[in-house]
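Take a look at the protein below. Then read on for a short tour.

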Amino acid sequence: MFSKNLSISILQLCSSRDLSYEEAAERCGLSPRYFGSVARGQTNASIITLEKLCDGFELTPNELLRIPPLPDSRIPMAVVE
């Protein structure tokens, strides 16, 4: 499920930002071949790859994975590192 959600998100981001796999891979510091595998859901991305994707697309992990925010009654813990 994680790989599928990540794949859908990456494909939508590339489309909406008019980025080729090569351009997006360069922004994320990944090889175009590996980026394509992640974008097609053919490989499981490591936490380091997820971090590179977030940095490259300038999104938080929740934004990248399109996880809805928590209800106001719950305050999420801050990520320090």
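## The model

This is a predicted model, where local features need pLDDT of at least 70, side-chain atom pairs count only at pLDDT 80 or more, and totals for chains, interfaces and linings use all residues. Residues are numbered from 1 along each chain as its sequence is written, and side-chain values use heavy atoms, with hydrogens and water left out.

## Overall makeup

The protein has five helices and zero strands (DSSP runs: H or I of at least four residues for helices, E of at least two for strands). Of its 81 residues, 33% are buried (under 20% relative accessible area, with a 1.4 Å probe and protein chains only).

## Serine 7

S7 sits in helix α1, residues 2-16. Is S7 buried or exposed? S7 is buried, and its relative accessible area is 7%.

Beyond residues up to four places away in sequence, S7 touches V38, A39, R40 and G41 (contact means heavy atoms within 4.5 Å). A polar atom of the S7 side chain lies 2.3 Å from the backbone oxygen of A39.

## Helices α1 and α4

Two packed helices are described by the angle and the distance between their axes. The axes of α1 and α4 (residues 47-57) come within 12 Å and cross at roughly 20° (axes are lines fitted to C-alpha atoms over the stretch in contact; angles run from 0 to 180 degrees between N-to-C directions). That makes α1 roughly parallel to α4 (angles under 35 degrees).

From α1, the contact uses F2, L6, I10, L13 and C14. From α4 come L50, L53 and F57.

How values were computed:
Buried means under 20% relative accessible area, exposed over 50%, partly exposed in between (1.4 Å probe, protein chains only). A polar contact is a pair of N or O atoms within 3.5 Å; within protein, one must be able to donate a hydrogen and the other to accept it, and residues adjacent in sequence count only if both atoms are side-chain atoms. Angles under 35 degrees count as roughly parallel, over 145 as roughly antiparallel, 65 to 115 as roughly perpendicular and the rest as oblique.
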